[in-house]
Amino acid sequence: MPKMNVKRMCYAALLAAMYLPLSLYAAVQVGNVRISFGSLPVVAAALLFGPVDAVIVAMVGEFFKQLLTYGVTYTTVLYLIPPALRGLVVGLGALGLMGLRGERLEERRMLCYAVCIVAAISTTVGNTLINWLDSVIFGYYSPALIFGDLVWRLIVGMINAVVMASLAMPLVKTLRKRNFVSTL
């Protein structure tokens with residue numbers, strides 16, 4: 001296995017490991033709305049390595065979060081999809097900009113914010129659909145419970161996306177500048 005691939009896997013593993021404490025302990029839960037720093041490693045992985053690594057970081061991190069929070073249920077695997085959507089959207093944005101213009105997404109601040117906001121919206125919508133499916137499977141469906149705070153969750157998700165992008169952009173620039181990672 002080439003040396004760079006091993007290093008890249010190690011960085012992805014570190015980012016996935018960071019996901020768990022950032023999403024569980026650096027978080028605030030208000031009703032159905034959760035504000036956390038868990039998406040920071042996913043956004044960083046997407047900017048550094050692209051969509052595949054970011055999806056893996058999100059899914060591995062979320063799997064362990066689900067395992068520690070709820071255990072294993074019929075829908076555990078479904079809850080891995082929304083965080084993976086965030087990694088996919090930001091990673092595709094980073095990869096697309098690099099391919100089209102040869103520029104890094106974190107160097108185009110407003111575009112990076114826009115991509116992260118679109119990723120947050122897709123994550124929130126995905127989470128809502130998974131919550132709906134979970135409620136139907138386990139028999140606790142209520143429109144007010146599942147969809148009642150959707151607008152609020154979308155707003156909080158977009159604000160959280162701006163904060164995470166604001167943290168991820170200088171982090172990724174620093175990692176690249178210091179040659180810590182071989183990147184996209």
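K65 sits in helix α3 (residues 51-69), where helices are DSSP runs of H or I of at least four residues and strands are runs of E of at least two, numbered from the N terminus. The structure is a predicted model, in which local features need pLDDT of at least 70 and side-chain atom pairs count only at pLDDT 80 or more, while totals for chains, interfaces and linings use all residues. Residues are numbered from 1 along each chain as its sequence is written, and side-chain values use heavy atoms, with hydrogens and water left out.

With a relative accessible area of 14%, K65 is buried (buried means under 20% relative accessible area, exposed over 50% and partly exposed in between, with a 1.4 Å probe and protein chains only). Once neighbours within four places in sequence are set aside, K65 is in contact with Y19, L20, S23, L24 and R34, contact being heavy atoms within 4.5 Å. P21, for its part, belongs to helix α1 (residues 3-24) and is partly exposed, at 37% relative accessibility. From P21 to I35 there are 14 residues in sequence and 13 Å in space, C-alpha to C-alpha.

Helix α3 also packs against α2, at an angle of about 160° and with the two axes 7 Å apart. Axes here are lines fitted to C-alpha atoms, for helices over the stretch in contact, and angles run from 0 to 180 degrees between N-to-C directions. On the α2 side the contact is made by P41, V42, A45, A46 and F49, and on the α3 side by P51, D53, A54, V57 and A58. By class, these residues of α2 and α3 are 9 nonpolar, no polar and 1 charged, with Ala, Val, Leu, Ile, Met, Phe, Trp, Tyr, Cys and Pro taken as nonpolar, Asp, Glu, Lys and Arg as charged, and the others, Gly among them, as polar.

Helix α2 meets α7 as well: their axes come within 9 Å and cross at roughly 50°, which makes α2 oblique to α7. This crossing, too, is right-handed. S39, L40, V43, A44, L47 and L48 of α2 touch N160, M164, L167, A168, L171, V172, L175 and R176 of α7, a contact of 11 nonpolar, 2 polar and 1 charged residues.

Helix α7 (residues 150-177) has 28 residues, which at 1.5 Å a residue should span 40 Å, and the 39 Å between its end C-alpha atoms agrees; the expected span is 1.5 Å times one less than the number of residues. Its buried residues include R153, V156 and G157, and the buried set packs against β2 (33-36), α2 (39-49), α5 and α6 (143-147). After α7 comes N179, with a positive phi near 55°.

Helix α5 (residues 109-138) and helix α4 (residues 81-101) have axes that come within 8 Å and cross at roughly 155°, and are therefore roughly antiparallel to each other. The residues of this contact divide into 14 nonpolar, 5 polar and 1 charged. Following α5 is G139, whose phi is positive, near 75°.

Note on methods:
Angles under 35 degrees count as roughly parallel, over 145 as roughly antiparallel, 65 to 115 as roughly perpendicular and the rest as oblique. A crossing is left-handed if the near helix is turned anticlockwise from the far one by less than a right angle, and right-handed if clockwise.
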